[in-house]
Amino acid sequence: MELLETLDVQMLAIGVAVVAVVVGAVYLFSSGKKPKGCLDPQNFKEFKLVKRTQLSHNVAKFTFALPTPTSVLGLPIGQHISCRGKDGQGEEVVKPYTPTTLDSDIGHFDLVIKMYPQGRMSHHFRELRVGDYLAVKGPKGRFKYQTGQVRAFGMLAGGSGITPMFQVARVILENPNDKTNVHLIYGNVTYEDILLKEELDNLAAKYPGRFTVDYVLNQPPEVWNGGVGFITKEMIKAHCPAPAADIQILRCGPPPMNKAMAAHLEELGYTPAMQFQF
């Protein structure tokens with residue numbers, strides 16, 4: 001009997017805690033007050049790794065807790081954070097990353113990381129275990145977004161360059177007052193290299209007509225109905241909004257890809273004002 005009473009008390013306490021978090025979150029986001037973020041642009045702050053989800057042999061999603069269940073990271077859309085770690089030789093390394101979560105995802109933030117064999121920061125993430133801390137500083141970046149600032153975005157992403165694109169697309173599509181259309185072309189080497197594919201496909205299914213995604217693979221599988229090779233001028237012309245004063249093309253990928261995309265866009269008539277490189 002005492003055991004049952006103890007369990008009832010514990011369940012009641014858990015229920016009260018859950019309700020408190022929900023009520024706190026509703027208050028924060030319905031009161032019109034913008035909650036204060038946890039980032040410091042000048043100093044590194046440490047955040048605890050609470051979950052690590054392996055997505056493929058070299059890609060994992062790292063979930064870091066914020067100070068309270070209703071805390072927000074406070075990262076402006078399209079901007080990134082600097083993460084500090086140590087490489088295989090024990091030397092300090094700092095590298096920028098864009099979380100895949102938004103400030104509507106309270107209490108935590110996620111990083112989807114592709115770990116390269118020779119990557120210095122990749123080594124740090126490979127060694128990171130639940131309970132460890134990651135040093136983070138921010139926000140960083142030049143991109144600024146206001147609801148409805150353009151009629152449509154074209155997005156050209158390669159590899160892990162998808163993360164800022166995904167973040168921008170999410171904040172646009174999940175805002176009922178934002179009517180901006182988003183057209184993404186996402187290039188990778190193999191099918192296994194595609195990051196956030198399930199999430200991207202879900203956005204395309206949930207927001208038909210407003211969000212499109214076209215995949216391009218350099219080494220596609222035998223059965224493949226997407227693009228093949230590299231992102232070409234013809235693909236951009238077919239899938240992205242045409243040059244106009246009220247559109248913008250965003251690009252993010254490896255340096256050779258960014259250089260090639262800049263050349264394609266110039267040939268197609270996109271002015272510098274119509275482009276932004278993360």
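Modeller: Before we start, two strands count as paired when DSSP finds at least two bridges between them. Also, keep in mind that we're looking at a predicted model.

Biologist: Fine. Which residue stands opposite leucine 250 in β12?

Modeller: Start with the strands: β11 covers residues 247–252, and β12 covers 275–277. Three bridges join β11 to β12, and the two run parallel. Leucine 250 has its opposite number in β12, and that is phenylalanine 276.

Biologist: Which are the edge strands of that sheet?

Modeller: It's an open sheet of six strands with parallel pairing, in the order β10-β9-β8-β7-β11-β12. An edge strand there pairs on one side only. Going by that, the edges are β10 (227–228) and β12.

Biologist: What angle does helix α6 make with β11?

Modeller: Helix α6 takes in residues 255–268 and packs on the sheet. There, α6 touches β7 (152–158), β11 and β12. Its direction and that of β11 make an angle of about 155°.

Biologist: And helix α4, what angle does it run at to β9?

Modeller: Helix α4 is residues 197–206, and it lies across β8 (181–188) and β9 (211–217). Relative to β9, α4 runs at about 145°.

Biologist: Over to β2. How many of its residues are buried?

Modeller: Strand β2 spans residues 59–65 and has partners to look at: six bridges join β1 to β2, and seven join β2 to β5. Both pairs run antiparallel. β2 is largely enclosed by the rest of the structure, because the buried count among its seven residues is five.

Biologist: I'm curious about the cysteines. How many disulfides does a search of the whole structure find?

Modeller: A disulfide would need a pair of cysteine sulfur atoms within 2.5 Å. Cysteine 38 is buried, at 7% relative accessible area, and cysteine 83 is buried too, at 0%. As for disulfides, the search turns up zero.

Note on methods
Residues are numbered from 1 along each chain as its sequence is written. This is a predicted model: local features need pLDDT of at least 70, side-chain atom pairs count only at pLDDT 80 or more; totals for chains, interfaces and linings use all residues. Side-chain values use heavy atoms; hydrogens and water are left out. Buried means under 20% relative accessible area, exposed over 50%, partly exposed in between (1.4 Å probe, protein chains only). Helices (H or I, at least four residues) and strands (E, at least two) are DSSP runs, numbered from the N terminus. Contact means heavy atoms within 4.5 Å. Axes are lines fitted to C-alpha atoms, for helices over the stretch in contact, and angles run from 0 to 180 degrees between N-to-C directions.
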